[in-house]
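Opening the notebook on how two parts of a chain meet.

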Amino acid sequence: MKTVVLMGNPNVGKSGIFSRLTGTRVITSNYAGTTVDVSRGKMHLPDGPAAVIDAPGTYSLTPTNPAEEVAAEILGEADVVVNVVDSTNLERNLYLTLETLERGVPAAVALNLWDEAGHQGIAIDVAGLERLLGVPVVPTVGLSGQGIRELVGRLGGARPSATIRPMSEEERWATVGRITGEVQTIAHRHHTLADRLSEASIRPISGLFIALAVIAAAFLAVRWIGEGLIAYVFEPLFDLYTPIAMRASDLLGPGILHEILIGHLIDGEIDYVQSMGLLTTGLFVPFAMILPYIVAFYLVLSILEDTGYLPRLATLADTFFHRLGMHGYGIIPVFLGFGCNVPGALATRVLETKKQRFIAATLMSLAIPCMAQIAMIFGVLGPFGLHYVVMVFATLAVVYVAAGLILNRVVPGECPEIFLEIPPYRAPDLRATVMKTWMRVRGFIGEAIPYLFLGILLVNLLYSVGFLDLLAAVFAPVMEAWLGLPAGAAVALLVGFLRKDLAVGMLVPLGMSPEQLVIAVTMLTIYFPCVATFVVLLRELGARGMLAAAGVMVTAALLVGGALRMVLIGF
Amino acid sequence: MEKTLLDLEPGTQGTIARFIGNPGFVRKLRTIGIREGKTLTVVTRHPLGGPMVIEVDGREVTLGRGMAGRVVVDVAA
Ligand SMILES: Nc1nc2c(ncn2[C@@H]2O[C@H](COP(=O)(O)OP(=O)(O)OP(=O)(O)O)[C@@H](O)[C@H]2O)c(=O)[nH]1
Ligand SMILES: [Mg+2]
């Protein structure tokens, strides 16, 4: 079977075309570095089925970060290359096109974003370009699917270029200039409203105000949508479900099965947070407490990503992030990490050096709780008063900054400057927004629910054999003397390795004061990543890097926990 | 008159003359669209050692000051 590889500069629409070719949805966003790993799918070429690979974007075949390394490497697997090109930016894109064609691999060029080129008064002589490059050239619009059918049709006969031969770098640049001059005509561009908005959002003072407004709006939108979904959709659903669950409880009668499925009743009633049964807590926590906020968060994130605002925010944040040993693009792992730390950890690949990636990954895992955990923190701590929730997040923010300042000093290595393309502002496409949100929500359901079930099952089993009481006794000195928490909180920390959202829920039956809860949930965020994130971090940082990161985490957790205890509880 | 990009005030226009640096650095700039002979406009320069944003061919690019100091620009005196 042939392998088709999608190659192109960052943010030109490769992943969009991949989805069109294969019917497999992958994440697309309006910033460079959305795709940091390969995605694989299948398609039908005129001469039979083929494997398709979506690569990260790269400006040249000489990589400058791990995401680009992946792209340069994957080219070796290609029987056919689809070189996706941004028609609004032909000249810059052609360098990679030439480099690719020089390899002598059969190829076709997709002139993507053809719709935008039209709007911007950019005309490209397609037939002329095809003649000069010596491979098929097809205008496409990844968003609508225009041109995809023709692209597929012409891939069957794709051959190595008949006109492009290996050349020196200087020759290549000269050729890029010559080809662009011959095939492209640009009508005079006027300063548009979008240009003005872009400049305002990138200048220091106006940009800061816009950033504060955007972040506040995003936060309020997540809360408002999340609370709305809970009040109007999920709680009414569970109100309908409760009689059924109670019925099941009666039918089962007391016994081990009741313990596992329904859990223990509190005052003869199901308590959805504390009962700890698979069919009670196991359903309620993920669906009625977490899912609404996951939906809300990913909807808002998707809009932020697709408008193209994030690279502007990265520019504004650069001065600050530089002090922490990263550069402005370090804000991407933070944003993605708030959804789930796993994509957050992967997104560190957009940073150039090991030092930057180590710091970005360590800080994220220290101080960025994922949405599932945040939802539980609000759910558990919110009823005591919002200021307790604020304490948690303020502490985490201080930890992020303090650890960054220190790590920047002590971690050896370089910290290159920001170098970043700002994409044009685009209005998010409604269908694309809904699809992307759904994709991520489905991912959450697929991964979170099994783990939550497993966690609850494990907790029940380990309690019944007495293991958890033993564990609590062993860690009692640290918990009680150092952190001022009940010994049972150690169990929550253990479960936190499996799923932190569940672990937060497990703090409820311990009957702690709100101050103790603040300490416990903060510790739970800092002390160690969950297993899913751990696996990715281990791969991204290597065993030694992970060991160092873990050292930072445990140390920070103990220091911060002790400090919080002194401030909030005293001795 | 030749100046480095770093010395240009926001709003200034100029023509990119050459780069000071190794081939890898030059390639990095060129492949993102910052090439000799192009017209460049300085959009902003962030305070406290922050980055600069320039516009070339209708596209904005953010770059650090160290890099900006190695881009030589021809500006009308
Ligand atoms: N108007 C328009 N927008 C497009 C088109 N193709 C893609 N887009 C948008 O352009 C942005 C980038 O698309 P992606 O598919 O993520 O680009 P990519 O090349 O995979 O990007 P990286 O993975 O970051 O290298 C997204 O916001 C898309 O919705 C197109 O033909 N027309
Ligand atoms: Mg992509």
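My entries on the domain interface follow.

Ground rules first: this is a predicted model, so I keep in mind that local features need pLDDT of at least 70 and side-chain atom pairs count only at pLDDT 80 or more, while totals for chains, interfaces and linings use all residues. Residues are numbered from 1 along each chain as its sequence is written, chains are lettered from A and ligands numbered from 1 in the order in which they are written, and side-chain values use heavy atoms, with hydrogens and water left out.

Entry 1, domains. I looked up the assignment for chain A and got domain 1 (2-186) and domain 2 (206-568); such bounds come from an automatic or database domain assignment. Their C-alpha centres lie 38 Å apart.

Entry 2, contact. I find 22 residues of domain 1 touching 25 residues of domain 2 (contact means heavy atoms within 4.5 Å). The buried area is about 2000 Å², with 52% from carbon and sulfur atoms (accessible area, 1.4 Å probe, that two parts lose on being put together, summed over both). On the domain 1 side, Arg25(A), Asn30(A) and Tyr31(A) lose the most area, together 34% of what that side buries.

Entry 3, charges. I get three salt bridges across the interface (a side-chain nitrogen of Lys or Arg within 4 Å of a carboxyl oxygen of Asp or Glu). I also noted a salt bridge between Arg426(A) and Glu116(A), whose closest N and O atoms are 2.6 Å apart.
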